[in-house]
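Let's take a look at the side-chain contacts in this one, starting with the aromatic rings and then moving on to charged partners.

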Amino acid sequence: MENQFPEKIMVNSLSEVDRVAFYKKTYSHVAAGVLVFVLFEYLLLQSETIVEFMLSMTLGYKWLLMLGGFMLATNYAEGMAMRTTDKNKQYLAYGIYIFFEALIFVPMLYIVTELMGPAGSDLLYQASIITLALFTGLSATVLMTKTDFSFLKTGLTIGFFIAIGLIIAGSLFGFDLGLWFSVGMCLLAGGSILYQTSNLMKTYGVEDYIPAALGLFASLMLLFWYILRIFMSRD
């Protein structure tokens with residue numbers, strides 16, 4: 001019987017020209033994801049009900065419930081994108097992921113855009129520029145040097161488990177994790193970008209540019225979250 005699910009053509013088996021085409025598709029989808037995130041964020045911030053609800057979820061154990069729901073939703077979206085070859089389902093998964101990223105950013109961006117006045121707008125602009133510059137620089141470093149950063153996987157896994165533990169402890173016992181925690185999370189996010197970028201060839205097939213973009217988008221938004229927190233801590 002003919003195989004209904006042909007084996008993936010992996011990116012590392014492609015010619016240089018075809019690899020570049022895959023990278024262009026992937027990063028154009030990351031850029032599109034950022035634009036959709038901005039649109040979702042704008043729409044969410046227009047709803048007083050959503051803003052008030054999300055602000056109410058930032059205290060104590062409620063924030064843990066919110067983070068737990070966010071992780072379940074985003075893990076589901078990531079798994080959905082990787083399990084299927086149907087482009088419509090992959091786009092749906094990407095859209096779900098972007099929506100929940102926009103939702104969890106509501107409290108912080110409300111504080112920056114509404115409560116901090118003009119200074120908040122400047123802060124948001126600066127944080128956005130630095131985030132995009134770092135993301136571009138880290139990705140370009142990997143793609144230009146072709147360095148394999150897969151060795152970072154163990155360190156990143158341990159680092160993220162420690163971070164989750166600290167976030168849980170901070171929420172339960174009411175202490176602020178502070179500036180250095182945000183700096184450490186920026187380093188983890190940077191390492192994740194290096195790992196995700198170098199993993200493009202080994203993990204994804206030629207048609208997997210949407211799930212590849214989702215993984216990079218996730219690391220980009222993590223970096224943006226903690227860079228923005230660092231900027232907010234100055235004021």
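Phe37, Phe105, Phe224 and Trp225 come together as one aromatic cluster. Keep in mind that this is a predicted model.

Across the whole structure, a search turns up 11 aromatic pairs. One of them is Tyr27 with Phe135: the ring centres sit 6.2 Å apart and the planes make an angle of 55 degrees, so this pair is tilted. Tyr27 belongs to helix H1 (residues 16-45) and Phe135 to helix H5 (residues 117-145), so the contact ties together parts 108 residues apart in sequence. Phe135 counts as buried, at 6% relative accessibility.

Now for the charged side chains. The search of the whole structure finds one salt bridge. Glu207 and Lys87 form it, with 3.6 Å from N to O. Glu207 sits in the loop between helix H8 (200-203) and H9, while Lys87 is in helix H4, so the bridge ties together parts 120 residues apart in sequence.

Here is how accessible some of these residues are:

| Residue | Relative accessible area | Class |
|---|---|---|
| Phe105 | 0% | buried |
| Trp225 | 14% | buried |
| Lys87 | 21% | partly exposed |
| Glu207 | 41% | partly exposed |

Lys87 counts as partly exposed at 21%, because buried means under 20%.

Methods: Residues numbered from 1 in each chain as written. Predicted model: local features only at pLDDT ≥ 70, side-chain atom pairs only at ≥ 80, totals over all residues. Heavy atoms only, no water. Phe/Tyr/Trp six-rings, centres within 6.5 Å; stacked < 30°, edge-to-face > 60°. Helix = DSSP H or I, 4+ residues; strand = E, 2+ residues; numbered from the N terminus. Buried < 20%, exposed > 50% of the residue type's maximum accessible area, 1.4 Å probe, protein only. Salt bridge = Lys/Arg side-chain N within 4 Å of Asp/Glu carboxyl O.
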